[in-house]
Amino acid sequence: MKLGFVVPNFPYEKRVALLPNHIDSSFQNEIFVEKGFGNNLDIEDKAYEKKGCTVLERKEIYSQCEAVFNLKLTQKSDYEMIRDGQMMIGWTHPKASGKQFAEEQGIPKKLLIVDLDNICPAVYYKNKKYDIDWIPRNFVRKNSLNAGFASVYHALMCLGIIPSSTTKIAILSPGNVSQGALNIVSKLGADTRVFYRKTMGEFYDSIEDFEIIVNGIEVDKSNQHIINKEQLEMTQKGAFIIDAAADVGNAIEGTRRTSIGEPIYKENARYFYVVDNSPTIFYRTASEDISESFSKWVYKTDLSRVKSIIK
């Protein structure tokens, strides 16, 4: 299959999802990359050409390739270039932040939308979901760790905080994102507690004690809030809520998306950070991790097999 890579045009996104050092003869897809694809990492086009890739303009990628990889949420500026029946691959989030794309482009154009979720990678076609069983859970675990680390690092820096031993921090969930958050917090020596789903009762009983609350939980349904509005009102004024999972409006009721450019908003005397591409802050490290994992589990596989799971 002809697999084309375009430069992500999601705001402030700088990660490069495929590096030349991860391209080898085991790739079962013909690789095309947009001109300047590796510019953020000072990788010249000829480095991809030496690995057998074809370098094209963005419009040519869409017109010639059966599958197009865009790391983070295809933007409206690309919509007119997308062809009927094309395969769109990346962190597409068709049931969350990418819902508008799925509704406006995916269904009308009968696109195969591949969402490379770390836990449940799947294909969405005509509003139906099909699990990709050959990609294992946690196949890109490092990016989730990076998300937790980067979110806390960036959030603290933007609000101007260096936690001390007396700063009380709660981290919700022991998953990958939360482990990344704990990594950076532990280095700062803050007074930190990690709450599991089974111990959330203890968190709610003491929620007013914490100056910083870091969420690493992504909920399955929008009505299963980890923290609802009533519980938010119980937090102390000036509390800083960092949603490292960036489960906008779901995990923490009523939150709205923020960005690298405007990472924090204040509401009801509390501060909120809900950036959904925080690992791009450390884009050089993140690019290496993503490229290594995606090359192994996605790019090397003949992606025409995706069509076989659509029933």
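The model is predicted, so to speak of a local feature takes pLDDT of at least 70, side-chain atom pairs count only at pLDDT 80 or more, and totals for chains, interfaces and linings use all residues. Residues are numbered from 1 along each chain as its sequence is written, and side-chain values use heavy atoms, with hydrogens and water left out.

**The nonpolar cores**

- A nonpolar core here is a set of buried Ala, Val, Leu, Ile, Met, Phe, Trp, Tyr and Cys residues joined through side-chain atoms within 4.5 Å.
- Buried means under 20% relative accessible area, exposed means over 50%, and partly exposed is in between (1.4 Å probe, protein chains only).
- The largest nonpolar core holds 42 residues, and Phe69, Leu116, Phe294 and Tyr299 touch the most other members.
- At least two residues of this core come from each of β1 (2-5), β2 (30-34), β4 (67-72), β5 (87-91), β6 (112-115), β7 (122-125) and α8 (283-299).
- Those labels follow DSSP runs, numbered from the N terminus: helices are H or I with at least four residues, strands are E with at least two.
- Helix α8 gives the most to this core, with 5 residues.
- Another core lies apart from it, with 19 residues, among them Met200, Ile227, Ile252 and Phe272.

- The expected span is 1.5 Å times one less than the number of residues in the helix.
- The buried residues of α8 include Tyr283, Ile290, Phe294, Val298 and Tyr299.
- Those buried residues pack against β1, β4, β5 and α4, with contact meaning heavy atoms within 4.5 Å.
- Leaving out residues up to four places away in sequence, Phe294 touches Phe69, Leu71, Trp91, Leu116, Phe139, Val140 and Tyr299.
- Helix α4 (residues 141-159) has 19 residues and reaches 28 Å from its first C-alpha to its last, close to the 27 Å expected.
- Among the buried residues of α4 are Asn143, Leu145, Val152, His154 and Leu156.
- Just after α4 comes Gly160, with a positive phi of about 80°.

**Cavity and pockets**

- Rolling a probe the size of a water molecule over the atoms shows where empty space is left.
- On a 1 Å grid over the protein atoms alone, a cavity is a set of points where a 1.4 Å probe fits but cannot get out, while a pocket is an open set with protein on both sides within 12 Å along at least five of seven lines; lining residues have an atom within 4 Å of a point.
- Grid points are joined across faces, edges and corners, and a volume is the space filled by probe spheres set on the points.
- The count comes to 1 cavity of 30 Å³ or more, and the largest cavity has a volume of about 50 Å³.
- Its lining has 10 nonpolar, no polar and no charged residues, including Ile89, Leu116, Trp134 and Trp297.
- For these classes, Ala, Val, Leu, Ile, Met, Phe, Trp, Tyr, Cys and Pro count as nonpolar, Asp, Glu, Lys and Arg as charged, and the others, Gly among them, as polar.
- The largest pocket holds about 1,500 Å³ of space.
- Of the 46 residues lining the largest pocket, His93, Asp117, Ile119, Glu218 and Ala245 lie nearest its centre.
- Helix α4 gives the most to that lining, with 3 residues.
- By class, the lining of the largest pocket has 18 nonpolar, 14 polar and 14 charged residues.
- The second largest pocket has a volume of about 240 Å³, and its lining divides into 4 nonpolar, 6 polar and 2 charged residues.

**Single residues to look up**

- His93 sits in the loop between β5 and α3 (99-106), and beyond four places in sequence it touches Lys72, Leu73, Gly98, Lys99 and Asp115.
- Thr301, in the segment after α8, is buried at 13% relative accessible area.
- Lys126 has a positive phi of about 50° although it is not a glycine, and at 46% relative accessibility Lys126 is partly exposed.
- Asn138, in the loop between β8 and α4, also isn't a glycine, yet its phi is positive, near 65°.
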